[in-house]
Amino acid sequence: MLNEGDPRSRCIRCNTCDGYPCLVNAKSDAHICAIEPALEYPNLTLLTDAFVSRLETSASGQEVTAVHVTRNGAEEKYAADIVAVSCGAINSAALLLRSANAKHPRGLANSSDTVGRHYMGHVNSVLLAVSKCPNPTVFQKTLGLNDFYFGSKEWEFPMGHISFVGKLDGVALSAGAPAIAPGFTLDLMAKHSLDFWLTSEDLPDPDNRVTLDRQGNIVLSYKPNNLEPHKRLQAKLQDLMKRQTKCDIHGHDCHQGLFARSLYLGERIPLAGVAHQNGTIRFGNDPKTSVLDANCRAHDVDNLYVVDGSFFVSSAAVNPALTIMANALRVGDHLLARMK
Ligand SMILES: Cc1cc2nc3c(=O)[nH]c(=O)nc-3n(C[C@H](O)[C@H](O)[C@H](O)COP(=O)(O)OP(=O)(O)OC[C@H]3O[C@@H](n4cnc5c(N)ncnc54)[C@H](O)[C@@H]3O)c2cc1C
Ligand code: SF4
C-alpha cells in the first residue's frame, strides 16, 4: 500500500517486507485485504486455533453433515449447508483422506482415487549473482523475465520464469545456507547480490502424492521431474550474467561469476519447501479422473467444495497465489448463485 506521492503513505517502504510481517498493516496480504474487512460483517465468525480433524457425512455419503474441530484442546462439531475446505493442497488432501468412511472407503470424495495424487510444487531455485558493486535495491521483486518461458534458440521446450526473491539479507541467507563466495561474508554477499528466483513447471505424476501413515501422519512422496528445462534456465541466466559489460567502475569484471565455477550459487529448493503446493484434489469434467467439477464442488459429495491450490491440474511456471485467489473469487460467485 505504498503511495510515493503521499508523505502519509500507509506503507513506509521499510527494508524487511518480503518474508516478514508488516508492523504497520500496510502489506496487501490476505489478512489485511480480505480477512480484516470481511470480519466487519456481522454474519462472519472466524475461529482461530481450530484444527479440522474430520468431515462426517450422512448415511448415504452424499453430503457433509458435520465438521469435527479440535479447538483449544476441546472437541467441537459444526454443521453447515455448504462446506468449503481450504487447508492448502497438502492439508486439504489429508483432511479428505482422514475422513474416509463406509461410503467413502478410500477417503472422502475419492471414488477416482486421485485425492492426494499429482502433487506439484514447482522446480524452483534461488540463484545469487554476486558482483563487486553493491545492490542497494529494496524492492527488486517487481522485476520478472519471461523471455525463455516457452524456450530459447538453444532449447525449443518451455524453460520457465525468472524473477527475483525479496532482497535477501545475511540472516535470510543463513537460513538457505549457501556456500560462501571467497572473500565474502553472508552479509556482504547479500549486499552485493542480485537474488534471482527461477521457476520451472513440474508435471502432474500420480505417484507424487500425499498419503497418511498408520498413525495418521502426513507422508509426502515426490520424485522430481522435468528437471532439464530448469538446468537450461539456470545456464541461460548464468550465461546472460557473464555477458554483462555495463558496470562503469568494474566493467566486464563486476560480476564475480566471470571468474570462477562456484560464484553463482544455484540451489534447488528441497522437498520440505512446500510453499507452492498444488494439484492434489484436481478438478475436471470426468468423475473417474478428477475429484472436483468445474466449480470445485466434489463430484461425489453435493455440498463439499475445495477452494485452494488443490484444484490445479498443471502447475505452470509462475507463482500460484494469484491463480488461487482468482479461482476463489470465481467459486465465490458460484456459491452466491447457489445460495440464492
Ligand atoms: C514463504 C512463502 C512465500 C511465498 N511467496 C509467494 C509469492 O511471492 N507469490 C505467490 O504467488 N505465492 C507465494 N507463496 C505461495 C502462496 O502463499 C500459496 O500458494 C498460497 O497461500 C496457497 O493458498 P491456499 O489457499 O492453497 O492455502 P494456504 O494459504 O496455505 O491456506 C491454508 C490454511 O488452512 C489452514 N489449515 C490447514 N490445515 C488445517 C486444518 N486441518 N484445520 C484448520 N485449518 C487448517 C492453514 O493454517 C492455512 O491458514 C509463498 C509461500 C510461502 C510459504
Ligand atoms: S513491511 Fe512492506 S508493506 Fe509494510 S511498511 Fe514495510 S515495505 Fe511497506
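Strands (E, at least two residues) and helices (H or I, at least four) are DSSP runs, numbered from the N terminus, and two strands pair if DSSP finds at least two bridges between them.

Residues are numbered from 1 along each chain as its sequence is written, while chains are lettered from A and ligands numbered from 1 in the order in which they are written. Because the model is predicted, local features need pLDDT of at least 70 and side-chain atom pairs count only at pLDDT 80 or more, whereas totals for chains, interfaces and linings use all residues.

The pairing can be followed strand by strand. Strand 1 and strand 2 (residues 64-71) are joined in the antiparallel sense over 7 bridges. E56 has A66 in strand 2 as its bridge partner, and V52 has V69. The hairpin of these two strands has 6 residues between the strands, and G61 in this hairpin takes a positive phi near 80 degrees. Strand 2 then pairs with strand 3, again antiparallel, over 5 bridges; here T70 is bridged to E75 in strand 3. Their hairpin has 2 residues between the strands, and N72 in the turn has a positive phi of about 50 degrees.

Helix 2 (89-98) comes next. A residue is buried if 20 or more other C-beta atoms, placed from the backbone, lie within 10 Å of its own, exposed if 12 or fewer, and partly exposed in between. Among the buried residues are A89, N91 and L97. Their cover includes strand 1, strand 4 (83-85), strand 9 (209-212), strand 10 (218-221) and strand 12 (304-306).

The loop between helix 2 and strand 5 (123-130) holds A109, and H122 is found in the loop between helix 2 and strand 5 as well. A109 has a positive phi near 65 degrees, and H122 has a positive phi near 75 degrees; neither is glycine. A109 counts as buried because it has 27 C-beta neighbours inside 10 Å, and H122 counts as buried with 26.

Now to the ligands. A residue is near a molecule if its C-beta atom, placed from the backbone, lies within 6 Å of it. Ligand 1 has 18 residues around it, of which G88, N91, D308, N319 and A321 come nearest. Strand 1, helix 2 and helix 6 (321-339) each give two or more residues to this shell, which divides into 11 nonpolar, 6 polar and 1 charged. Here Ala, Val, Leu, Ile, Met, Phe, Trp, Tyr, Cys and Pro count as nonpolar, Asp, Glu, Lys and Arg as charged, and the others, Gly among them, as polar. The residues around ligand 2 include C11, C14, C17 and C22, and its shell has 7 nonpolar, no polar and 2 charged residues.

Note on methods: Two residues are in contact if their C-beta atoms, placed from the backbone, lie within 7 Å.
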